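Good morning, and thank you for coming. I would ask you to look at the sequence and the structure together while I speak.

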Amino acid sequence: ALLLGGELVLSGKFQFGYIYGFGMFGCVTMTLVLNFMSPNDAISFWTVTSILGYSLLPVNLLAAVKLVVVNLGNLTTMGRLLGILTVI
């Protein structure tokens, strides 16, 4: 999340509250859902946070590539395509 926040700062957007708020809400919700689905063993919050954190690596990689392409090449069409790929 820190890397994604740094990439947003480099692009001129200061939205740390959205990143951390959405991340914490997602981790708490996913922990609750997984614990409701697994009545025998409890799944810890830190396990869910770790797994969801590692799933952000491709998003960070594509955000860094988009940052380079848009800022250095000024190719807005390529930047939009990379943004769409990040969401997909």
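Let us begin with L32, which sits in helix α2, the helix covering residues 16–37. Please keep in mind throughout that this is a predicted model. Is L32 buried, partly exposed or exposed? Its relative accessible area is 46%.

Together with M24, V28 and F36, L32 makes a nonpolar surface patch. The area of this patch is about 430 Å².

In space, M24 and T49 are 8.5 Å apart from C-alpha to C-alpha, while in sequence 25 residues separate them. T49 is found in helix α3. With a relative accessible area of 26%, T49 is partly exposed.

I turn next to the aromatic residues. How many aromatic pairs does the structure hold? There is 1 aromatic pair. The partners are F45 and W46, in an edge-to-face arrangement with 5.2 Å from centre to centre and 75° between the planes. Why is the pair called edge-to-face? The reason is the angle: planes over 60 degrees apart receive that name, and here the angle is 75°. As for accessibility, F45 is partly exposed at 23%, whereas W46 is exposed, with a relative accessible area of 66%.

Let us now consider the chain as a whole. It contains 5 helices and 0 strands, so in sequence order the pattern reads α-α-α-α-α. The chain has 88 residues, and 14% of them count as buried. Among contacts with a separation of 6 or more, 30% join residues 24 or more positions apart.

Finally, a word on confidence. The average pLDDT of the chain is 78, and 76% of the residues score at least 70. Where is confidence lowest, and where is it highest? The lowest mean, 69, belongs to helix α1, residues 2–10. The highest, 87, belongs to helix α3, residues 45–54.

Thank you for your attention.

Key
Residues are numbered from 1 along each chain as its sequence is written. This is a predicted model: local features need pLDDT of at least 70, side-chain atom pairs count only at pLDDT 80 or more; totals for chains, interfaces and linings use all residues. Side-chain values use heavy atoms; hydrogens and water are left out. Helices (H or I, at least four residues) and strands (E, at least two) are DSSP runs, numbered from the N terminus. Buried means under 20% relative accessible area, exposed over 50%, partly exposed in between (1.4 Å probe, protein chains only). Contact means heavy atoms within 4.5 Å. Rings of Phe, Tyr and Trp (its six-membered ring) pair if their centres lie within 6.5 Å; planes under 30 degrees apart count as stacked, over 60 as edge-to-face and the rest as tilted. pLDDT is the predictor's confidence in each residue, from 0 to 100. Patches are made of residues with over 30% relative accessible area and no salt bridge: like charges are joined within 9 Å, nonpolar side chains (Val, Leu, Ile, Met, Phe, Trp, Tyr) within 5 Å. Accessible areas come from the Shrake-Rupley method with a 1.4 Å probe; for residues, only the protein chains shown count as cover. A salt bridge is a side-chain nitrogen of Lys or Arg within 4 Å of a carboxyl oxygen of Asp or Glu.
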